[in-house]
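Subject: Structure handover

Hello,

Here is the structure I promised to pass on. My notes on it follow.

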Amino acid sequence: IWSDTTFDWISPLLETGNANGQLNVEDLDELPLPDDCETSQVYAQFWRCWTDELDKARVDTNKSNDDNSAASFFAQPTSTIHNYQPSLIKALARAFGADFLRAGLFKLIHDANIFVGPQVLNHLIQFLRNADAPIHRGVMLTVLVTVSQIVMSISLRHYFYKCYTCGLQVRTAVVLAVYKKSLHLSLKERHTFGNGGGPGEIVNLVGIDAQRMQDLM
């Protein structure tokens, strides 16, 4: 818990860089990569949620076809039925939304502690003006403002860490999804992909659009 709270797990990497004067790619193996940051785990989590979206669309399409068949049998006019469209945003939200909400909780804790400082400072000023105030009150206020600043600092660091990690997970999932999809396309389909952009459109999805989705986090 202490290592996760204070980011002490990165200390061996910093010690290696300080000892060698630089860091190499193989030195990154010293970092204990969490399971939810493994590329295979990230994509598997996204793919389960995306499969659920595809199943919803498939069930809705079958239901619409059954309704249209029944309506045509009784010769009744039917209105246009809008089938369910798989949503990438919903799939990403279900896959990685929990981590993003945790980041929001850390930001809420940080913002709540912002109001602690001025209130404690006001009480400290009153304590210093009152010569008869008990000393334990001043000690308590000092400890309180110290703890609040420590909690603010830790919460803000974890907020940025969670947001950046969540953004990387989203980008990884999108890049892998586009890459795996492109492998199943024929040569003709690749050249007519998107709005006729062909391979350039695929490169834009992987290099630009995926990066923009990460930046949103």
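A contact, in these notes, means heavy atoms within 4.5 Å. Setting aside neighbours within four places in sequence, Thr 16 is in contact with Gln 22, Leu 23, Asp 27 and Glu 30. Thr 16 sits in helix α2, residues 11-20. Is Thr 16 buried or exposed? Its relative accessibility is 16%, so Thr 16 counts as buried. The cut-off for buried is under 20%.

Confidence

Please keep in mind that this is a predicted model. The protein chain has an average pLDDT of 81. A score of at least 70 is reached by 87% of the residues. Confidence is highest in helix α4 (residues 88-114), with a mean of 90. Confidence is lowest in helix α7 (residues 187-191), with a mean of 72. Then there is the stretch at residues 73-81. There pLDDT stays under 50. For those residues the model has 5 contacts beyond four places in sequence.

Overall make-up

The protein chain has 8 helices and 0 strands. Along the sequence the pattern reads α-α-α-α-α-α-α-α. The chain has 217 residues, and 23% of them are buried.

Largest pocket

The largest pocket has a volume of about 430 Å³. It is lined by 19 residues. Closest to its centre are Trp 50, Val 174, Ala 177, Val 178 and Lys 181. Which elements give two or more residues to this lining? They are α3 (39-73), α6 (135-183) and α8 (199-216). The largest share comes from α6, with 6 residues. By class, the lining of the largest pocket holds 14 nonpolar, 2 polar and 3 charged residues.

Second largest pocket

The second largest pocket has a volume of about 330 Å³. Its lining has 15 residues. Leu 33, Pro 34, Cys 37, Thr 165 and Leu 168 are the closest to its centre. Two or more residues come from each of α3 and α6. Helix α6 gives the most to this lining, with 6 residues. The lining of the second largest pocket divides into 10 nonpolar, 4 polar and 1 charged.

Salt bridges

How many salt bridges does a search of the whole structure find? It finds 4. Three of them are worth a note here.

Arg 94 pairs with Glu 53 in one of these salt bridges, and their closest N and O atoms are 2.9 Å apart. Arg 94 is in helix α4 and Glu 53 is in helix α3, so the pair ties together parts that lie 41 residues apart in sequence. Arg 94 has a relative accessibility of 38%, so it counts as partly exposed. Glu 53 has a relative accessibility of 0%, so it counts as buried.

Asp 55 and Arg 58 also form a salt bridge, at 2.7 Å from N to O.

Asp 111 and Lys 107 form a salt bridge at 3.0 Å, N to O. Both are in helix α4, 4 residues apart, which is about one turn of the helix. Asp 111 has a relative accessible area of 28%, and so is partly exposed. Lys 107 has a relative accessible area of 25%, and is also partly exposed.

To recap the points to look at when you open the file:

- Treat residues 73-81 as the stretch where pLDDT stays under 50.
- In the largest pocket, α6 supplies 6 lining residues.
- In the second largest pocket, α6 supplies 6 lining residues.
- The salt bridge between Arg 94 and Glu 53 ties helix α4 to helix α3.

Best wishes

Note on methods:
Residues are numbered from 1 along each chain as its sequence is written. This is a predicted model: local features need pLDDT of at least 70, side-chain atom pairs count only at pLDDT 80 or more; totals for chains, interfaces and linings use all residues. Side-chain values use heavy atoms; hydrogens and water are left out. pLDDT is the predictor's confidence in each residue, from 0 to 100. On a 1 Å grid over the protein atoms alone, a cavity is a set of points where a 1.4 Å probe fits but cannot get out, and a pocket is an open set with protein on both sides within 12 Å along at least five of seven lines; lining residues have an atom within 4 Å of a point. Grid points are joined across faces, edges and corners, and a volume is the space filled by probe spheres set on the points. Ala, Val, Leu, Ile, Met, Phe, Trp, Tyr, Cys and Pro count as nonpolar, Asp, Glu, Lys and Arg as charged, and the others, Gly among them, as polar. A salt bridge is a side-chain nitrogen of Lys or Arg within 4 Å of a carboxyl oxygen of Asp or Glu. Buried means under 20% relative accessible area, exposed over 50%, partly exposed in between (1.4 Å probe, protein chains only).
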